[in-house]
Amino acid sequence: MAGTIVADTLTHSTAGSLTTDYVVNGSAKAFLVGNQGTATALKSLNVSSYVDAATGNGETNFTNSMDSSSFSVPGSHSDNNSFYQVRRPSTGETTSSKVRVRTYDGAGSANDDEFVSHAIFGDLA
Amino acid sequence: MSTIIADNLTGKTAAGNVTVTSEGGAATFQLQQGLAKAWHDANAAHNSLEDSFNLSGLTDNGTGDFHFSFTNNMNSANFATSTVTSHAEISGINHSQHSTSQYNARVWSRADALSYADNVTQGIVMGDLA
């Protein structure tokens with residue numbers, strides 16, 4: 001039988017202490033590295049699907065939803081002639097259950113990037 | 001308030017799986033998978049790591065092109081890497097140059113047709129350790 005520990009602080013013998021809210025709040029709640037052109041998820045956490053919404057527009061759907069559409073999405077792309085953008089919740093493309101990441105070429109046109117990588121930080125529902 | 005004093009956290013049922021209850025209480029997630037496995041703050045001008053976690057060093061492959069070597073390796077070359085830079089430059093990665101023992105970060109200049117540029121690079125790695 002698995003055990004459960006309820007605690008507010010973790011203390012290491014040499015590395016110091018950390019209150020457990022940093023563990024809960026500071027952990028990534030999802031991440032993905034995928035090929036945007038083929039909409040293929042190569043590695044992920046808490047991702048139910050990675051969908052090609054349009055050219056240069058990838059939708060990452062969460063298995064367990066966030067508590068709101070406000071969360072942080074640091075990420076990167078792999079093409080030098082490309083820009084990475086997270087869609088605002090006001091567009092409806094990013095909600096508590098999904099995030100849209102777009103990539104553009106240097107001229108501002110939608111462009112499929114070979115690799116897109118991002119992580120999600122925020123509160124789960 | 002309770003405090004756990006320990007050097008190691010290990011799952012009881014599976015050693016690599018410690019679950020944490022979510023903020024809202026509706027879900028649990030795996031502690032190990034949600035933790036960053038490495039991060040860097042590097043200054044390309046000095047070719048040095050200002051600060052880092054789980055990295056043994058960086059290799060300057062040329063202007064704006066770096067490899068960061070892990071102290072403890074990942075279990076595959078597929079892991080998520082997020083990088084940023086400063087000023088008006090653009091930061092990215094070359095995923096095809098990732099391996100279990102290193103990852104790549106790149107910086108490009110917006111001012112001169114997206115050529116490589118030396119500048120600050122910072123990044124995090126998410127995925128599974130070996």
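Strands β6(B) and β7(B) pair in the antiparallel sense over six bridges. Strands here are DSSP runs of E with at least two residues, while helices are runs of H or I with at least four, numbered from the N terminus; two strands count as paired if DSSP finds at least two bridges between them. This is a predicted model, in which local features need pLDDT of at least 70, side-chain atom pairs count only at pLDDT 80 or more, and totals for chains, interfaces and linings use all residues. Residues are numbered from 1 along each chain as its sequence is written, and chains are lettered from A and ligands numbered from 1 in the order in which they are written.

**Around β7(B).** The covered face of β7(B) holds Phe66(B), Phe68(B) and Phe70(B), whereas Asp65(B), His67(B) and Ser69(B) form the uncovered one.

**The open sheet of chain B.** Four strands make an open sheet in the order β5-β4-β11-β8, with antiparallel pairing. Because β5 (48-53) and β8 (80-85) of chain B stand at the edges with a single partner strand each, one side of each is left without a neighbour in the sheet. The following table lists examples of strand pairs.

| Strand pair | Sense | Bridges |
|---|---|---|
| β8(B) and β11(B) | antiparallel | six bridges |
| β1(A) and β1(B) | parallel | three bridges |

**The nonpolar core.** A nonpolar core is a set of buried Ala, Val, Leu, Ile, Met, Phe, Trp, Tyr and Cys residues joined through C-beta atoms within 7 Å. A residue is buried if 20 or more other C-beta atoms lie within 10 Å of its own, exposed if 12 or fewer, and partly exposed in between, with C-beta atoms placed from the backbone. The largest such core has 42 residues, and those with the most contacts inside it are Phe31(A), Ile120(A) and Met126(B). Strands of both chains each supply at least two residues of this core, including β3 (30-35) of chain A and β7 (65-70) of chain B.

**Contact between the chains.** Two residues are in contact if their C-beta atoms, placed from the backbone, lie within 7 Å. In these terms, 36 residues of chain B are in contact with 42 residues of chain A. On the side of chain B that touches chain A, β8(B) gives the most, with four residues. In the parallel pairing of β1(A) with β1(B), Thr9(A) stands opposite Thr3(B).

**Two loop residues of chain A.** Ala39(A), in the loop between β3 and β4 (40-45) of chain A, has a positive phi near 55 degrees. Asn46(A), in the loop between β4 and β5 (47-54) of chain A, also has a positive phi near 55 degrees. Ala39(A) is partly exposed, with 15 other C-beta atoms within 10 Å, whereas Asn46(A) is buried, with 23.

**Confidence.** The pLDDT is the predictor's confidence in each residue, from 0 to 100. Chain B has a mean pLDDT of 89, and 98% of its residues reach 70 or more. For the complex, the predictor gives an ipTM of 0.81 and a pTM of 0.87.
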